[in-house]
Structures are given as structure tokens and as C-alpha cells.
Amino acid sequence: EEDIKTVNETGVQFLLDRTVRHEELVIGGLASGYGFEKQGRWKKTPAPNADYLKAFCAEEGCKVLLSHHPEYFRPYLKALPIDVIISGHAHGGQWRIFGRGIFAPGQGIFPKYTSGVHENRLVISRGLGNHTIIPRIFNRPEMVVLTLKGEK
């Protein structure tokens, strides 16, 4: 909590089930599947905050949702009126063979959502880090750059 307070003092906004707007662009941040308990431990939550998603979808404008977990797409996000969903978490499948990931957290063996663009609106980055004890194999780090063009 002290670290979050320090970062907030710099002007950065944590988008944990929060939304910011810049003209017609609406950016929402869906809280991770892990929540922080006051005892200092992380706990897994079964689903994203449905109340937040309902409020976010009610916003007018181009909606971009930051959702750390790409595995939320099919059960929770696919049917919602969100223009772009940006995810990571899957580490590109950690090991890749023939362009497919082998394992991803929250998806298991041969996961569907590890990288790339799905259904023209789910964008998944393989990420830059190699911070786990399991090394990347045939899985180059990547940084995704999105350019959003609006109509005037």
C-alpha cells in the first residue's frame, strides 16, 4: 500500500477497476485476477468485477480496456461492446513450438490466447520480461505499439 501511495504521488493513475477519459478515448483498467489482502498476501479472485465492466461499457466513446488476463476474453469480455482489449499475462506461452505457446498461466497446456490479435480487438503481448525461473524457449520478447486512429 505504501508503494501504491508513492506512485500515486507522481501523478500516475492505477486503473484497478477505474476509467480515465481523454476526449472521445475511454481507457479502463480491469483489476487483475489477483487481489491484495490487508494481511499482505495475494489471493486469486474467480472473475473480474462485473459492476465495473457494466459501468465501463456504458461509457460513450472509443473504449480501450486493459485486462491483464487474456483468458478473461471468452467468458467475460467477448460479448461486451469494447473496441480494443489489451492483455499480457500468458508470457507468449513461455515455450513456443511451431508458433504456438505450450503453457500459459490461467489457460494451461496449449493455450489459445498467448500473443497476437484475436477477433480484431483482443491484442496480446508476449511481454519483455524473463523473470520466472522457467526460461523462454523460441519465444522472443516483444513490445506492442498500437496506433488508434479516430474519425472526426
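Of the 152 residues of the chain, what percentage count as buried? The share is 33%, where buried means under 20% relative accessible area, exposed over 50%, and partly exposed in between (1.4 Å probe, protein chains only). The structure is a predicted model, in which local features need pLDDT of at least 70 and side-chain atom pairs count only at pLDDT 80 or more, while totals for chains, interfaces and linings use all residues. Residues are numbered from 1 along each chain as its sequence is written, and side-chain values use heavy atoms, with hydrogens and water left out.

The secondary structure of the chain consists of three helices and twelve strands; these are DSSP runs numbered from the N terminus (helices H or I, at least four residues; strands E, at least two). Among contacts (heavy atoms within 4.5 Å) between residues at least 6 apart in sequence, 45% join residues at least 24 apart.

Helix α2 spans residues 50–57, and its residues Tyr 52, Leu 53, Phe 56 and Cys 57 are buried. These four lie on the same side of α2 because they cover an arc of only 130 degrees around the axis, the arc being that of the directions from the helix axis to the C-beta atoms. Ala 50, Asp 51 and Lys 54, on the other side of α2, are exposed. The cover over the buried residues of α2 includes β1 (18–22), β2 (25–30), β5 (62–67) and α3 (73–77). At the start of the helix, a side-chain oxygen of Asn 49 comes to within 3.0 Å of the backbone nitrogen of Asp 51.

A nonpolar core is a set of buried Ala, Val, Leu, Ile, Met, Phe, Trp, Tyr and Cys residues joined through side-chain atoms within 4.5 Å. The largest such core has 15 residues, of which Leu 30, Leu 65, Leu 77, Ile 82 and Ile 85 touch the most other members. At least two residues of this core come from each of β2, α2, α3 and β12 (122–124), and α2 gives the most, with four. Residues up to four places away in sequence aside, Leu 30 touches several residues, including Tyr 52, Leu 53, Leu 65, Tyr 72 and Leu 77.

Three aromatic pairs are found in the whole structure. Rings of Phe, Tyr and Trp (its six-membered ring) pair if their centres lie within 6.5 Å; planes under 30 degrees apart count as stacked, over 60 as edge-to-face and the rest as tilted. Tyr 52 and Phe 56 form a stacked pair, with 6.0 Å centre to centre and 25 degrees between the planes. Because they are four residues apart in helix α2, Tyr 52 and Phe 56 are separated by about one helical turn. The relative accessible area is 7% for Tyr 52 and 0% for Phe 56. Tyr 72 and Tyr 76 form an edge-to-face pair, at 5.5 Å centre to centre and 90 degrees between the planes. Tyr 72 is buried, at 5%, whereas Tyr 76 is partly exposed, at 32% relative accessibility.

Arg 126 lies in the segment after β12 and counts as buried, at 19% relative accessibility. A polar atom of the Arg 126 side chain is 2.9 Å from the backbone oxygen of Arg 140.

Key
Polar contact = N/O pair within 3.5 Å; in protein donor to acceptor, adjacent residues only side chain to side chain.
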